[in-house]
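Dear colleague,

Please find below the structure that I am handing over to you, together with its sequence. My notes on its salt bridges and on one of its helices follow.

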Amino acid sequence: EGRDTRMKCMKQRDAAKIRAKHQIFKDCDVVLCTLSASGHDNQLSRDLSFSAVIIDEACQSVEPSTLIPLRLKMKKCILVGDPHQLPPTILSDKARSFKYEQSLFYRIQQASPQLVFMLDVQYRMHPQISTYPSHAFYGGKLIDGPGMDASRVSPWHQAQNSRSALRPYQFFNVVGQEARHGHAIYNVDEARAVVETINYIAAMSPDEALGKQIGVITFYKGQVKRIRELLQARFGSHVHEYVDVNSVDAFQGQEKEIIILSTVRASNNASVGFIDDKRRINVALTRARSTLILLGNQATLMRNTTWGAIVDDAKAR
């Protein structure tokens, strides 16, 4: 009898929780959740209806995941994403061969392009940073919001000695050599250049530079590891609270005032590997708000058509 009573109380408690959740959702104007959570009956009641369901980063979700929120009662569904940036991460070659990495956004864009509208005004990047991505990836249609050049001026752009000032967008040639350890690819010379660049910025504007405004991105996890190690050795264990070091893929959707991009590849081989992916390059070049610093081996990069154009563009500024 005691057990039955406890079970009855537990069922009543669970039912009360469900009713409370449903009431909370009914009183909400906006509900935020993940794609998978939108399919939980205990999270979103089948009795609820929505004027609109907005799916953000829709180009980074596989089609089955995007279909989950479509079960909800809604008047319209809006997919928001950038098909010119990275698609969903699919590890299986077999799955990719069946186009499993294709998003519903991309399918709709290919089937009914008239249903896709481009948001063509950007409010993130200094105009000198946005110029190349606009022409290379968006057909010149991406334009800058009003006053973006003035709003993105930073102290390190205005050093007393103009030769020592950092421009909003520039390339530095790092003469070195890539190395391999197992499957990991890294470039110690570029990692050291990253550390020296951060030290230089901090010395020019210590109050602004290390206030969680610097991001270091690279195409290889091996390089992420080397840069983190050198930064900690130079600035101490707390440096990672102020400088965010990660791969390009992990940085999609994020932004920083200053981005330092380490391209890593430096060899006599003609190929630059998977850094030739234009979608990945687009992500890398569009994370910075005021300053984008490219570090790379010019001789290696110039052998690649895409990277050669990027280096030429940066050096022409």
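In this predicted model, Arg 265 and Glu 178 are joined by a salt bridge between their side chains, with 2.9 Å from N to O. Arg 265 belongs to the loop between strand 12 and helix 11 (278–285), while Glu 178 belongs to the loop between strand 7 (169–173) and strand 8 (179–181), so this pair ties together parts that lie 87 residues apart in sequence. Both partners fall under the 20% limit for a buried residue: Arg 265 has a relative accessible area of 7%, and Glu 178 one of 12%.

Salt bridges with shared partners also link Arg 124, Glu 255, Glu 257 and Arg 289 into one network. Within it, the side chains of Arg 124 and Glu 255 meet at 2.8 Å, N to O. Arg 124 is found in the loop between strand 5 (121–122) and helix 5 (127–137), and Glu 255 in the loop between helix 10 (248–251) and strand 12 (256–262); the pair therefore ties together parts 131 residues apart in sequence. Glu 255 counts as partly exposed, at 33% relative accessibility.

A further salt bridge pairs Glu 63 with Arg 107, whose closest N and O atoms are 2.4 Å apart. Here the partners sit in two helices, Glu 63 in helix 2 (residues 63–67) and Arg 107 in helix 4 (residues 104–111), so the bridge ties together parts 44 residues apart in sequence. Glu 63 is buried, with a relative accessible area of 15%, whereas Arg 107 is partly exposed at 42%. In total, the structure holds 13 salt bridges, among them the pairs described above.

I turn now to helix 9. This helix covers residues 221–235, 15 residues in all, and reaches 21 Å from its first C-alpha to its last, close to the 21 Å expected at 1.5 Å a residue. Which residues of helix 9 are buried? They are Gly 222, Gln 223, Val 224, Arg 226, Ile 227 and Leu 231. In an α-helix there are 3.6 residues a turn, so residues three or four places apart point the same way. After helix 9 comes Gly 236, which has a positive phi, near 100°.

Yours sincerely

Definitions and conventions
Residues are numbered from 1 along each chain as its sequence is written. This is a predicted model: local features need pLDDT of at least 70, side-chain atom pairs count only at pLDDT 80 or more; totals for chains, interfaces and linings use all residues. Side-chain values use heavy atoms; hydrogens and water are left out. A salt bridge is a side-chain nitrogen of Lys or Arg within 4 Å of a carboxyl oxygen of Asp or Glu. Helices (H or I, at least four residues) and strands (E, at least two) are DSSP runs, numbered from the N terminus. Buried means under 20% relative accessible area, exposed over 50%, partly exposed in between (1.4 Å probe, protein chains only). The expected span of a helix is 1.5 Å times one less than its number of residues.
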